[in-house]
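Please look at the sequence and the structure together. The paragraphs below lead from the protein as a whole to a few of its parts.

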Amino acid sequence: MADWVLPGIWKEKSEVMDVRNCRSCGRLFNYVSGPPICQACKDKLELKFQDVKEYIRENPHAPIQAVSTDNDVSVQQIKQWVREERLTFSEDSPIGIECENCGKIIKTGRFCEECKNKMKDNLSSVLDKPKVILEPKKPARDGDKMRFLDSMK
């Protein structure tokens, strides 16, 4: 199946590139997967992540707002790294995010241990149940006889 890419040029659907504007800098780039940002901005973001990680190691009791301002990273981005489990805070750190299920303050991930265990148990109970296979009922037959339609007269 072909599609127009540029006026006068045909390309197959599988060859069409997904070109988007970078959400961060606005440049055009070939989007493959993940967040819609170009490779240069991904590299800058990774450097900022390393800076934030080092800052938290050196200042374990710093509030999230201080981490954000001192490293020029949004609070939302820091929380995203925590949810992705790329950042983990110590138990005595004032920084924490809410469990997406119950709202309890956690130090990394999306769910607290209790919610994780509940989800695991629910999933296990569904997967461990023996499956009952009901065989379809066959219609009652009047014996296995050969039948003839309207015999010759």
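Among the contacts in the protein with a separation of 6 or more, 22% are between residues 24 or more positions apart, where contact means heavy atoms within 4.5 Å. The model is a predicted one, in which local features need pLDDT of at least 70 and side-chain atom pairs count only at pLDDT 80 or more, while totals for chains, interfaces and linings use all residues. Residues are numbered from 1 along each chain as its sequence is written, and side-chain values use heavy atoms, with hydrogens and water left out.

The protein contains four helices and six strands; helices (H or I, at least four residues) and strands (E, at least two) are DSSP runs, numbered from the N terminus. Along the sequence their order is β-β-β-β-α-α-α-β-β-α. The accessible surface amounts to about 12600 Å², and carbon and sulfur atoms supply 54% of that surface; such areas come from the Shrake-Rupley method with a 1.4 Å probe, and for residues only the protein chains shown count as cover. Of the 153 residues, 20% count as buried. Buried means under 20% relative accessible area, exposed means over 50%, and partly exposed lies in between (1.4 Å probe, protein chains only).

Helix H1 covers residues 39-58, which makes 20 residues. From its first C-alpha to its last, H1 reaches 29 Å, close to the 28 Å expected at 1.5 Å a residue; the expected span is 1.5 Å times one less than the number of residues. The buried residues of H1 are Cys 41, Phe 49, Val 52, Tyr 55 and Ile 56. Seen down the axis of H1, these residues fall within an arc of 130°, so they line one face of the helix; the arc is that of the directions from the helix axis to the C-beta atoms. The buried residues of H1 pack against helix H2 (64-71) and helix H3 (75-83). On the face turned away from the buried side, H1 carries the exposed residues Gln 39, Leu 47, Arg 57 and Glu 58.

The loop between H2 and H3 contains Ser 74. With a relative accessibility of 40%, Ser 74 counts as partly exposed. Ser 74 and Ile 64 are 10 residues apart along the chain, and their C-alpha atoms are separated by 9.6 Å.

Another loop, between strand E2 (9-12) and strand E3 (19-21), holds Met 17. Is Met 17 buried or exposed? Met 17 has a relative accessible area of 55% and is therefore exposed.
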